[in-house]
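The following note sets out several points on helix packing and ligand surroundings. Please read the points alongside the sequence and coordinates.

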Amino acid sequence: MKLAPNSIAIQNIPMLTFNGVETSIARFDLLHPIVSGNKWFKLKYYIEEAIKYQKNCIASFGGTYSNHIVALAFVCKENGLRSVGIIRGDCTTALSPTLAQAKEFGMELIFTSRTKYNEKESIKNEFNNPNWYWVNEGGYGIIGAKGATEMLTYTSKDNSAIICAVGTGTMMAGLINQSRPYQTVTGISVLKNNFSIANEITNLLSDSAKNKPFNMLHEYHFGGYAKTNKQLLDFMNHLWEKEKIPTDIVYTGKMVFAVDQLIQNNYFKKGTKLTIIHSGGLQGNCSLPKGSLLF
Ligand SMILES: *Cc1c(COP(=O)(O)O)cnc(C)c1O
């Protein structure tokens, strides 16, 4: 894939180092300004496969503030491919900053009613273009997980606990695939009551990781996908003031909030060295009124 990543940083977090837990964060948000965090890894092998099969266009699905959509638009441009985004909802008002950017990178945006959006197979059949390569919403799939498998090589081997935000679970599957026997991966589900997610992750695990235990926590969605409240925004601002770590309301803000609560509740054994995966993408914050966040 053409698109070189920047280097990332491993940053200690004094604010989240207490109760016998030593916490650091792997700043994958620094990997690339647009193809941020896990998206670079998740898209990598889809792009390679599309090129291998001599497709000239990649099509995928996403919402108004989708990190996946804008990342895909950029990565396609860099690799000489067309891109099409099937967008949930009607285009009634001006484009969101996220979609405006995707369009600027050459993506063709096709707005679809919410009901129709859920019928993904019928949308694919409708377009039925042999030159298009389809990527699932959020990059879900084994090929996405294969790319995400490489993320753990950037983190410290000494750390016994790894925690990440979970949307489709593709990144988490990649992390579990690569984790060592003494490491446990915990996921914070950002969707409400999405109890099928553990199975969806297991379906992406490699044979050697199929029986590896992992933890999925469902208590930190703040009311549902992209829902937010003052408590979350206050926490994200506090994290920024103390540690200069920017997070987003959809994924990483909720996940780091969860880490703070979990350490307070002695969820992690004393002596645990914890790696937080900062999976990037701050697009969700564009949905907030101006001035809500300090960064
Ligand atoms: C897309 C995204 C996720 C979710 O990744 P999945 O592999 O779908 O679980 C998490 N964090 C950020 C910042 C993202 O953009």
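1. In this predicted model, helices α1 and α2 form a right-handed crossing. Helix α1 spans residues 38-52, and its axis lies 10 Å from that of α2, at an angle of about 50°. The two helices are therefore oblique to each other.

2. Which residues of α1 meet α2? On the α1 side they are Lys39, Leu43 and Ile47. Their partners in α2 are Asn67, His68, Ala71, Leu72, Val75 and Cys76. Sorted by class, the contact of α1 with α2 comprises 6 nonpolar, 2 polar and 1 charged residues.

3. Helix α2 (residues 67-78) also packs with helix α3 (residues 97-104). Their axes come within 8 Å and cross at roughly 15°. An angle under 35 degrees counts as roughly parallel, so α2 is roughly parallel to α3. The crossing of this pair is left-handed, whereas that of α1 and α2 is right-handed.

4. In the contact of α2 with α3, helix α2 contributes Ile69, Val70 and Ala73. Helix α3 contributes Thr98, Leu99, Gln101 and Ala102. These residues divide into 5 nonpolar and 2 polar, with no charged residue.

5. What is the arrangement of α9 relative to α10? Helix α9 covers residues 230-243 and helix α10 covers residues 252-264; the axes are 10 Å apart and the packing angle is about 85°. Angles of 65 to 115 degrees count as roughly perpendicular, and α9 and α10 are therefore roughly perpendicular to each other.

6. The α9 side of this contact consists of Gln231, Leu232, Phe235, Met236 and Leu239. From α10 come Gly253, Lys254, Val256, Phe257 and Asp260. By class, the contact of α9 with α10 holds 6 nonpolar, 2 polar and 2 charged residues.

7. How many residues surround the ligand? There are 14, and the closest are Lys39, Asn67, Gly167, Thr168 and Ser279.

8. An N or O atom in the side chain of asparagine 67 is 2.8 Å from a ligand oxygen atom. For lysine 42, a side-chain N or O atom likewise lies 2.8 Å from an oxygen atom of the ligand.

How values were computed:
Residues numbered from 1 in each chain as written. Predicted model: local features only at pLDDT ≥ 70, side-chain atom pairs only at ≥ 80, totals over all residues. Heavy atoms only, no water. Axes fitted to C-alpha atoms, helices over the stretch in contact; angles between N-to-C directions. Helix = DSSP H or I, 4+ residues; strand = E, 2+ residues; numbered from the N terminus. Parallel < 35°, antiparallel > 145°, perpendicular 65-115°, else oblique. Left-handed = near helix turned anticlockwise from the far one by under 90°. Contact = heavy atoms within 4.5 Å. Nonpolar A, V, L, I, M, F, W, Y, C, P; charged D, E, K, R; others polar. Near = heavy atom within 4 Å. Polar contact = N/O pair within 3.5 Å; in protein donor to acceptor, adjacent residues only side chain to side chain.
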